[in-house]
Structures are given as C-alpha cells and as structure tokens.
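Q: I have a structure open and would like to go through it bit by bit. Can you start with the words I'll need?

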Amino acid sequence: MNIIKGFPTVFLFICFVLIIIDCLLVEADTCKPSGKLRGKKPPPGQCDDNCCEDGKFYTTYKCSPPVSSHTKAKLTINSFAAGGDGGGPSECDNHYHSDDEPVVALSTGWFNNKKRCLKYIKIHGNGKSVKAKVVDECDSTRGCDSEHGYQPPCPNNIVDASKAVWKALGVPENDWGLMDIYWSDTD
C-alpha cells in the first residue's frame, strides 16, 4: 500500500526530469555545417586582422542555432562606420553607422534573409542588457575574398556589435573582442 501512495510523487518527479531533459536538448540543438571553404592568402595590404590562411579549410553554415527567449551566442566587436573594419555600408539600409550607435550584424541563419533587418534585439551580458538594431549580416556561408576583407566565414552563433553595445554592457574596453551573451528578439 505504501508503494501506491508514493506512486504520484514518483510519477511527477519522472515527468519533471523528462521536461528538464527536453529543454536541455532544445538548447543543445544546433545546426550542422553546410560545407568547407578553402582559404586564400590575401593580397599584400588587403587584410590586417583575422585573415584567412592559404590552404586552410573553414567551416561554412547556412543556419544558426534555434532562436529562443534566451539564445546563447558569442559577442564580437565591429565598426559599422565608414572606413571601419566592417567593410562597406550595412546590408539592411545601405548606410554606415556610427560606433556610438548600438547596432549589430547577425550570423547568416539568425539574419534570416534580411527578416531581422532594422529590427531590435535585446542583448544580455556582463550582468546588463541593451537593445540594438540589426543592420547587417555576419556571413557564415562565404569569406576569404575581397568582399569579406579576406576574413574567414563567420561562425553560426555570432552577434557582431558596435562599440556602443560593448559600452552599454559595461565591459571594460581592454576586454572588448569576444564574450558569451544571450539575446532575444524584442516586441
């Protein structure tokens, strides 16, 4: 009889564990690489930082991990200003953006064929949060050419942000470059 009394508790506990495991599997669900790209040595003076290596193979992606209310990502730094390291004007509006404006480029899958263009996302990191406008794509499908500054394709989990985003998150300037964050779409 004691076994029957404890059954509902055990059943509820098992259901709880299964729900937790399901949530973890959804968070761990990532997209698969779509191919490889062979690096070419850039012409002299055409690449200053993070340049492709001749003959090295770089992974490409057409997708990004699923978006949730708590999407895990890597925050990197970029200048969207004229003459900045972002290259040409932003893909969404064909304009340059000041380093003082909170703007981002998203990896190809999250950029979603321009569907997030000029929309805001909320970025959480360093114990703070900031809203930033999506203005560009961090190309995960191509790279190592003049159009991409002879840099490798972007990983599939990047939020490439202006200095304004890093400042708003309160990250000391000497720590700018790469940081684990979470982001979500805003309403």
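A: Helices (H or I, at least four residues) and strands (E, at least two) are DSSP runs, numbered from the N terminus. Residues are numbered from 1 along each chain as its sequence is written. This is a predicted model, where local features need pLDDT of at least 70, side-chain atom pairs count only at pLDDT 80 or more, and totals for chains, interfaces and linings use all residues; side-chain values use heavy atoms, leaving out hydrogens and water.

Q: What is the mean pLDDT of the protein?

A: The mean is 88, and 83% of the residues reach 70 or more. pLDDT is the predictor's confidence in each residue, from 0 to 100.

Q: Where does pLDDT stay under 50?

A: Over residues 23-28, for which the model has four contacts beyond four places in sequence. A contact means heavy atoms within 4.5 Å. Where pLDDT is low, the predicted coordinates should not be read in detail.

Q: OK, strands. How do β5 and β6 run, parallel or antiparallel?

A: Antiparallel, with six bridges joining β5 (residues 120-125) to β6. Two strands pair if DSSP finds at least two bridges between them.

Q: Which other strand is joined to β6?

A: Strand β4 (residues 103-107) is joined to β6 (residues 128-138) by five bridges, and these two run parallel. Val 104 has Val 134 in β6 as its bridge partner.

Q: Back to phi. What about Leu 118?

A: Its phi is near 60°, a positive value in a residue other than glycine. Leu 118 lies in the loop between α2 and β5, and is partly exposed with a relative accessible area of 41%.

Q: New topic: how many aromatic pairs does the structure hold?

A: One. Trp 110 and Trp 183 form it, edge-to-face, at 5.2 Å centre to centre and 70° between the planes. Rings of Phe, Tyr and Trp (its six-membered ring) pair if their centres lie within 6.5 Å; planes under 30 degrees apart count as stacked, over 60 as edge-to-face and the rest as tilted.

Q: Why does that pair tie together parts that are 73 residues apart?

A: Because Trp 110 lies in helix α2 (residues 108-111) and Trp 183 in strand β8 (residues 178-185). Trp 110 is buried, with a relative accessible area of 1%, and Trp 183 is buried too, at 0%.

Q: How many salt bridges are there?

A: Six. A salt bridge is a side-chain nitrogen of Lys or Arg within 4 Å of a carboxyl oxygen of Asp or Glu. One of them is between Lys 74 and Asp 180 (2.5 Å, N to O). That pair links distant parts of the chain, with Lys 74 in strand β3 (residues 71-77) and Asp 180 in strand β8, 106 residues apart.

Q: Which residues does the salt-bridge network join?

A: Asp 139, Arg 142 and Glu 147, through salt bridges that share partners. The closest N and O atoms of Arg 142 and Asp 139 are 3.4 Å apart. Asp 139 is buried, with a relative accessible area of 11%, while Arg 142 is partly exposed at 38%.

Technical notes: Buried means under 20% relative accessible area, exposed over 50%, partly exposed in between (1.4 Å probe, protein chains only).
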